[in-house]
Every structure is written in structure tokens, then in C-alpha cells.
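Trainee: I'd like to go through this one with you. Could you take my questions as they come?

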Amino acid sequence: MSNDIFVLVEHRDGAVAESAYELLGRARELAAATSGAAVALVAGAAASLLASQLGAASRVIAVEDASLAEFTPAAWQAALAPLIAERQPLLLLVPNSGSGMDVAAGLSAATGLPLAAYAVDVAIAGGSPTVTCQLYAGKINVRVRFDGGRGIATVVAGAFPAAAGQAAGSPAVERVAPAAADARIRFRRLIRPEAGGVDITKESILVSIGRGIGEADNVELAERLAAALGGAVSSSRPVADAGWLPRTRQVGKSGLRVKPKLYLALGISGAPEHLEGMRDAELIVAVNTDAHAPIFGVAHYGAVADILEVMPALTQRLGG
Amino acid sequence: MELVVLVKQVPDLAEELEIDASGTDLAREWMSFVASEWDEYALEEALQLRDEAGGRVTCLALDTGSVDELLATCLARGADRAVKVGAFERGPDSHTAARAFAAALRTLPHDLVLTGVQAIDDLDGQVGPLVATELGLPHVSVVTHIKLAGSAATVHQEYAGGLVAEFEVDLPAVLGVQTSREAPRYAPVSRVRQIMKTAEMEQVDVAVAAGSGLTIEAMSVPETGRAAEMIAGSPGAVADRIAAILRERGIVKA
Ligand SMILES: Cc1cc2nc3c(=O)[nH]c(=O)nc-3n(C[C@H](O)[C@H](O)[C@H](O)COP(=O)(O)OP(=O)(O)OC[C@H]3O[C@@H](n4cnc5c(N)ncnc54)[C@H](O)[C@@H]3O)c2cc1C
């Protein structure tokens, strides 16, 4: 048992992911409060080589093996569960990413450590962690404690500033071999997104539509508004899922992170998975029929109105 | 192919959520419930896979005393079998739910277990990986594009930036479904009603330890941080004001 704060580090193509810096920054602050260490936990074929990118950690545990060359949930769980059970950190922080949510819940069941999901804040109170979790698509926050004082938290992207976790230096590395292997899931290939005609990460004005657009025919209203504004149309996930816009226009957790000058959020509820892709936009204007939509929590201006009426009216005002 | 789908209900976000007097729970008295969106994608995928490969789709829901309509809707959409699991006063936490589903699955044939990648209320994590680990099965979350190939399945797992990994997974396995290849099929209300009157739902008793290992200290409505300045009035007035704001800020030409 220790008072250490572990961070599960995600990486791809030899580079540590932004999430690792967000979590390491916070882990350092928490470790100072527990008199423990902020420990970066990295799994991979050459995990120890990433230590030079993890200067904010007090030390690095590199779980290294050729079988960990590519992420699979089974291999990661087999390699990490015995290690976590043995080391008993006070807290294991895992990014709430596509792979992180898989690994964290598996580790919780395998180790018996409780799991707090969708964390937006983590603190230390009376020597043990308290975690604030965002539930109900961002409508309710729940603050929890782990009954045994130790546990795992999956942390939403953007919950903590990455800058606090970016420090120079190459901490000491402890290399460990995975305690067990599990090849029941085999990595086949990585599919990279096809470059679309429009790169929404480069546009300075985005007219972004959500499920509130109602039907495919209404997308044209957004296209006209975007044309009048000199911008492009982007969307939430359900619009891309329905095939009304190409996947390359999707903003959010499994889409793209954008930071335009203007983000018009039209008929988008503001689920955490969407917010993580656009909350840093310079100006956010949201229109939604639901006065309690979480999107109004990040918007600078909001209106409770029907987008099917506001879009053509605004297009006309802009001379479109 | 024995396909099993784990389904549940969650509070309807179309209605306002309120926190009760204890400050640690939702005011549940008047709350209305809907099927969890991602579970609906899981069911649709299961039905599509059965239609391709043959076999049977069994839907499991924890028995909270009010899941007949949920399961009847699964049957109306084309599931072959519906089973109520255990007896619960209300929907339990994910860890308890996973133990109960795992106990039921030990008594039911299953090649592929599908459930929603997440639910809006799973405070203590996603049920898919929890059930899988209870049963010692492999699991993949955030899954799309499921294809069956003999005793394995290939699936896509989605990451940030539109990156996707393709995995081959040995069966039996548990998958957390992100979205279905087609929108979930529609079940006419009349058919759901008819099934609720006539269909016998099966029941599996389970005895499991309850608890997630978390204690809720407080619930709150998130602070809006930089509370939006709200624009009132008709759609025309809203458009006027937005146009004015964009001109003031030089985003569009005056
Ligand atoms: C692993 C994972 C990754 C995900 N990745 C992403 C992602 O990258 N991007 C993403 O967006 N989501 C993502 N999601 C999905 C996310 O959880 C939400 O389901 C999604 O963001 C909801 O999209 P929405 O706001 O368009 O739809 P809804 O939540 O259904 O909201 C529609 C809104 O429109 C409003 N509305 C309806 N009609 C009108 C009208 N006429 N005028 C005005 N308002 C109207 C409603 O009040 C409502 O607020 C992901 C989920 C998971 C589990």
C-alpha cells in the first residue's frame, strides 16, 4: 500500500497523449497533499522510452513486452491488474477515452478497487480521494468517496490543464514484465480518418448542428447559414451517425477538437463527449429549445428557441 | 449463434432532473424512464447479426418491477427471448448489476454479449467490462462494425480524432456498443402493448452481493461557470441580436 497517485499513460506513435499531461498535473498536486508520489504507468513494447516525455512524474513504471506493441483491452488488463492489486496506489487516474474506459472498468472488477467514472474533479480530503463525477449527460454532478479510501477514477478530457503536467526531465524508470498475457483479443490494424474536403479544425467559423436539426433535409438550412457567415458546417455525433454529414465534420470525443473564433451550437444538448471537442472556442452561441441543456453551461450567449426558425432568420439578417 | 443483450432504463432527460431533500439522490417519485440509448444500438446490432448468421437474440433486464415494457419492446423489435433477472427495488449500481447479469449468464447460453457502451447514470463504470471480468471473458468497448467470423468476431474500437482500431476477438466475448449500422428499428406501440398482455417473460433468480464501493457525499446541478447571457424574444429577435453580436465582435462585416 502507498499514498501514491498513479496515472495510466496513453500514447500513440511514440508520443504521449494530451490526457497524460492533464492527469499528471493533477496527480502531482494530489501527491503533494498525500505525501506520496505521482507515478506514471505506461504499458507498451518500448514503454520505458516514453519516460523522457513524462518529466512531471516522480517515477515511471514501464510494463514492457513485445505482446504490448498495440493496445488491446485484454492484454492491458492481464498486464496491469496484478500490478495494481500488488502496489495498491491511493488512486489510479485513467483517461475516460475509448481505451481508458475499457481498461478502468476491467481493472475495477479484477482488483476489487471501486471505480468512479466521468470524473471532472479529484481532490484529497482527510487523506483520501474525493471524486466529482458528471452524470446524466452533464446535467448532474455527484461527489463520491471510495469506501476503502482507495480507488480508480476515469477522468473526462479537459478536466485539468495539460500545462501543469508538462515538465522537463526524465524520471527514474522501473521496468516490469507483464504478470500475465491474454491474446484473446488481437489487434488487426489502425484505420486513420480519410481527409475530408473541409478541415473543421482549420475553420474559424463553425455552424454546428445536433439532433435538434430533426431531419436530413434541414441540413441545408445550416449550409446556407454557414455560407452567409463564411464558415463551415460541423455536427454532433448523432448527425454523423445518421449519415447526414460526413464523419470528418464530427466534433467531440470520438471526432475532432476544434477551437474556432465562433461556434454556433444549434440543437446540440452539450453532452460531455461533445463539450470536450469545442469548449475552448473563443465565442460560443447556443440555440436550444431546452432551457436546461448543458450546452448553455459553456456558451457565452444562449437562446431558448427553435433552430429551424432561427437559422433562416439569421441567414437573412446576414444578407444570405 | 447465441446473442445476449443487456438492457436497462435510465431517467428521461427530456424532463428536468431534481435532487431530493437528502442531497445525495435524485427525486425519483415523478421521474419517467426511457430505454438507455446505447442499449438500443446494442439490440439493433444483435438483431442484424442474427439476421446474417442465424441464431437467437435473448434480452436480459434486471427486474426492478417495471421492466415489462422495456422487454416487450425488445420482443416487438424482433428479440427471440426476454428474461428478467433477480429482484431489485430500483436499478442498482453498475457493479451490482454486473454481478447479477454475470450470475444469470452462467445459466444461459451466450456466444456474444452486447450492451450499450455506457449509460448516462453509470457512476461506477460501464457494465460491459464489469460483466466480462466477472465471467472471465474478453471485452471491447466503444465498438462499431461488428462482424462474425467463425469462433471470433472483428470489431472496430473508436478513439479521439476519428482513429479506429480493428480487433479480432475470440468468442464468447462482451462488447460495449457505440452505435449500430442502422438506426434502431421501430416497434409499433400496439405491438408492444399486445406482447405485454400475452407474452410470458422468463425469470432468473440470482443472489449477489450489492454495492459499488462508492459512497455518494453530495449531488449538485453543475455550476454553469461562465453562465451564458440569455437572449430572449421571438426567433426573429434572437436572430437580430446574434447578428448584432457578430458584427460588434467583427466576426461578420458591419
Ligand atoms: C465513447 C463515446 C464517444 C462519443 N463521442 C462523441 C463525439 O465525438 N461527438 C458528439 O457530439 N457526441 C459524442 N458522443 C455522444 C454523446 O454522448 C451524445 O449522445 C451526443 O453528443 C448527443 O448529440 P446531440 O446533442 O446532437 O443530441 P441530443 O443529446 O439528443 O440533443 C439534441 C438537442 O436538440 C434540442 N432540440 C431538439 N429540437 C430542437 C429544435 N427544433 N430547435 C432547437 N433545439 C432543439 C434538444 O432540446 C436537445 O438538447 C459519444 C459518446 C460515447 C459513449
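Trainee: Which residue in S6(A) does Phe6(A) stand opposite?
Mentor: Bearing in mind that this is a predicted model, Phe6(A) stands opposite Leu92(A) in S6(A). The pairing behind that is between strand S1 of chain A, residues 5-8, and S6(A), which run in the parallel sense over 3 bridges.

Trainee: And how many bridges join S6(A) to S10(A)?
Mentor: There are 5 bridges between S6(A) and strand S10 of chain A, residues 151-155, and these two strands also run parallel. Within that pairing, Leu91(A) has Gly151(A) of S10(A) opposite it.

Trainee: Why is S6(A) largely enclosed by the rest of the structure?
Mentor: Strand S6 of chain A covers residues 91-95, and because 5 of its 5 residues are buried, the strand is largely enclosed by the rest of the structure.

Trainee: Which way do the residues of S6(A) point?
Mentor: Leu91(A), Leu93(A) and Pro95(A) point one way, while Leu92(A) and Val94(A) point the other way, and all of them are buried. As background, side chains in a regular strand alternate between the two faces of the sheet.

Trainee: Switching to the two chains, how many residues of chain A are in contact with chain B?
Mentor: On the chain A side 81 residues are in contact with 80 residues of chain B. The two chains bury about 7000 Å² between them, with 57% of that area on carbon and sulfur atoms. Of the area that chain A buries against chain B, Tyr136(A), Arg184(A) and Tyr301(A) supply 11%, more than any other three residues.

Trainee: What about charges, how many salt bridges are there between chain A and chain B?
Mentor: The count is 9 salt bridges between chain A and chain B, and one of the pairs involves the side chains of Arg211(A) and Glu37(B), with an N to O distance of 3.3 Å. Between the chains there are also 42 residue pairs in polar contact, counting pairs in which both residues have pLDDT 80 or more.

Trainee: Which element gives the largest share of the side of chain A that touches chain B?
Mentor: That is helix H3 of chain A, residues 98-111, which contributes 9 residues. Taken by residue type, the side of chain A that touches chain B divides into 45 nonpolar, 16 polar and 20 charged residues.

Trainee: In what sense do S12(A) and S9(B) pair, parallel or antiparallel?
Mentor: Strand S12 of chain A, residues 185-191, pairs with strand S9 of chain B, residues 164-170, in the antiparallel sense over 6 bridges. Looking at individual positions, Ile185(A) stands opposite Val169(B) in S9(B).

Notes:
Residues are numbered from 1 along each chain as its sequence is written. Chains are lettered from A and ligands numbered from 1 in the order in which they are written. This is a predicted model: local features need pLDDT of at least 70, side-chain atom pairs count only at pLDDT 80 or more; totals for chains, interfaces and linings use all residues. Side-chain values use heavy atoms; hydrogens and water are left out. Contact means heavy atoms within 4.5 Å. Buried area is the accessible area (1.4 Å probe) that two parts lose on being put together, summed over both. A salt bridge is a side-chain nitrogen of Lys or Arg within 4 Å of a carboxyl oxygen of Asp or Glu. A polar contact is a pair of N or O atoms within 3.5 Å; within protein, one must be able to donate a hydrogen and the other to accept it, and residues adjacent in sequence count only if both atoms are side-chain atoms. Helices (H or I, at least four residues) and strands (E, at least two) are DSSP runs, numbered from the N terminus. Ala, Val, Leu, Ile, Met, Phe, Trp, Tyr, Cys and Pro count as nonpolar, Asp, Glu, Lys and Arg as charged, and the others, Gly among them, as polar. Two strands pair if DSSP finds at least two bridges between them. Buried means under 20% relative accessible area, exposed over 50%, partly exposed in between (1.4 Å probe, protein chains only).
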